[in-house]
Amino acid sequence: MFVYRTPRTVRRLLSALTVPAAVCWLLLGAAPAAAGERTEGAVAEGAVDDRRAVLASYLAERFAADPVHVSDSVPYVLPGSAAPRLAEVTARVAAPVYVAVLPREVLSARELGRPEQLLASVYDRSGARGLYVLLHDGGVRGAAAFGLDLRPRDVERALRSAEAPPGAGPLVALDRSVEAFLEHFPGLAAPGSAGPVLPEPRSAPERTDGRLTALGLLAGGLPLLVLFVGPRYRHRWPLVRERHGGWLLPVAAAGTAAAVLLPAQALYGANRADHLAALAAHEEHTALLRPPPGEQDLARRVARVADGLRERAVYQDPEYPAFTPAYAGELAERLAELPYPARLVVLPSVSEDETRGDEQLFVERVAAHLERTGGRGEGVLYVHLDPHSRYLDVHDLDSGAAGKATHPPPYVEDPRPVDPGGTREVASLPERADWLVEHLARVGTGEAWPYSPAHVPEPADASPIPEEHLVDRTSFRAFAALGAAAALGVSVLLSVRYPVRPAAGSGRRGPDAADSGAPARGKTRGRP
């Protein structure tokens, strides 16, 4: 039996390299692990280590008070006053239904994982059996059933199989999803449940400009036809041919134009009134499906943040926390030591909030609310930190800080990569907050730069509808020009195809006409 043996030289070489290879593996393999532990430790220090658990605890607390939770961060997606409408929709299900309407930015955070994992964490903390649904501006984000003896995959497929029109909002999406869920599980329908609660969405009304465009063709074509084609046939009307041919045709053209323009103007007014009535009916119907926010809805989050800042100099949104409570308290103590008052607000800014994503306007409204309620809102430096976009803005409302306080270094203001310890990484929010406080302390007091208040947008109902959206005068003018061009073309074709010929016996008689006709009277009678 042949047995292969490694040559002695090769065996000695391998044994000599074993120890150095093991040492290199320990150094190169353990170093990244240590670096990873150092990086993770630096990021985790002061930061929320498990955002899913924090948000799940918050939602479980909210569901214990009310099975329907509507975030006050997105009043233009669904205002808090519309929570009873959600309850009407969920009342069609015999089992308990827990619904949460949250910003898309909150539910799309990677730290939360899949929506079903978040709902499972909520159920672990609440212990309430039922159907759990997560909604955002695009519809149903996630759904799960606990304690109902239903397969989770079937529940999710049933709730997400419904099709809602784009932009219909979470209220319509939930209504359609509940309808699809009851079709899959008819045994869970509540007694007396009969079809969807909300009416079907309607498309926006369109203008009816067909009659106006037809009148435009007549207004541009008929007067020109009278002017250009009328002289060709004037010999057929004795009144036009003998005396009044010079001015009667222009008058007839003007009368024709007036006969067309006056009905067109009346039709303009009728179309405008009809379209305004259709728009009002459409807005009223849309308000049933996607209720607009009221003044209280737009002031809920402002009041919540102002109340939080009255108690402590750091406030962070419970739906999207960035710091641990201990680190937030430490930041508040360090801000209190600055030579001027400063406040830190940590919450996402989205286009569906009360200011349409304007951080400066939000800060000014918080300051105004503090002043109205007996707190100190003016004369404070506010820092807004968005935990989703990770951008930071400083707004100085005459706090006495130097002008450089509102312009922190780029590595503090923007989520740019830094290079600590020789590794490229993005600084964590606690690190940037720490650097910001150091920057504010280093700047100190001094002459501030001029401050420009935020532009306050006018309410949507105060701006009138543009006139061009009510009636289409452009189409009328365009078709009038088309009618004029058509009239000119008809006139040219008629002149080429049928040239004008004088009528028989018409025209002035020349001096030689007497020789070709009857003999002259003088020649017949003659002289004696």
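A cavity is here a set of grid points where a 1.4 Å probe fits but cannot get out. With that in hand, the largest cavity of this predicted model has a volume of about 40 Å³.

Around the largest cavity stand Leu331, Leu335, Arg343, Leu344, Val383, Leu436 and Val437. Helix H12 (325-336), strand S6 (342-346) and helix H15 (429-443) are the elements that give two or more residues to this lining. By class, the lining of the largest cavity divides into six nonpolar residues, no polar ones and one charged. The second largest cavity is lined by Arg301, Leu347, Pro348, Ser349, Asp353, Thr355, Asp358, Glu359, Phe362 and His384. Here the lining residues fall into three nonpolar, three polar and four charged.

Stepping back to the fold as a whole, the protein chain contains 18 helices and 10 strands. Of its 528 residues, 40% count as buried. The accessible surface of the chain comes to about 30100 Å², and carbon and sulfur atoms account for 57% of that area. Among contacts between residues at least 6 apart in sequence, 71% join residues at least 24 apart.

In soluble globular proteins, nonpolar side chains tend to be buried together. In this model, the largest nonpolar core has 33 residues, of which Leu86, Leu131, Val133, Leu174 and Phe181 touch the most other members. Two or more residues of this core come from each of strand S1 (68-70), helix H3 (83-90), strand S2 (97-101), strand S3 (130-136), strand S4 (139-146), helix H6 (152-160) and helix H7 (170-184). Helix H7 provides the largest share, with six residues. The surroundings of Leu131 give a view from inside: leaving aside neighbours within four places in sequence, Leu131 is in contact with Pro96, Val97, Tyr98, Ala144, Ala145, Leu148, Val155, Leu159 and Phe181. A second, separate core of 27 residues includes Tyr327, Leu331, Ala332 and Val412.

Gly46 sits in the loop between helix H1 (8-44) and helix H2 (51-65). Because its relative accessibility is 11%, below the 20% cut-off, Gly46 counts as buried. Leaving aside neighbours within four places in sequence, Gly46 is in contact with Ala322, Phe323, Thr324, Tyr327 and Pro430. Gly46 and Ala322 are 276 residues apart in sequence, yet their C-alpha atoms are 8.6 Å apart in space. One of the contacts of Gly46, Tyr327, is also a member of the second core.

Arg390 has a phi near 65 degrees, a positive value in a residue other than glycine. Arg390 lies in the loop between strand S7 (380-385) and strand S8 (392-397), and with a relative accessible area of 27% Arg390 is partly exposed. Asp398 likewise has a positive phi, near 60 degrees, in a residue other than glycine. The loop that holds Asp398 runs between S8 and helix H14 (410-413), and at 66% relative accessibility Asp398 counts as exposed.

Terms used. Residues numbered from 1 in each chain as written. Predicted model: local features only at pLDDT ≥ 70, side-chain atom pairs only at ≥ 80, totals over all residues. Heavy atoms only, no water. Helix = DSSP H or I, 4+ residues; strand = E, 2+ residues; numbered from the N terminus. Buried < 20%, exposed > 50% of the residue type's maximum accessible area, 1.4 Å probe, protein only. Contact = heavy atoms within 4.5 Å. Areas by Shrake-Rupley, 256 points an atom, 1.4 Å probe, with all protein chains shown as cover. Core = buried A, V, L, I, M, F, W, Y, C linked by side-chain atoms within 4.5 Å. 1 Å grid on protein atoms, 1.4 Å probe; cavity = no way out; pocket = protein on both sides within 12 Å on 5 of 7 lines; lining within 4 Å. Points joined across faces, edges and corners; volume = space filled by probe spheres on them. Nonpolar A, V, L, I, M, F, W, Y, C, P; charged D, E, K, R; others polar.
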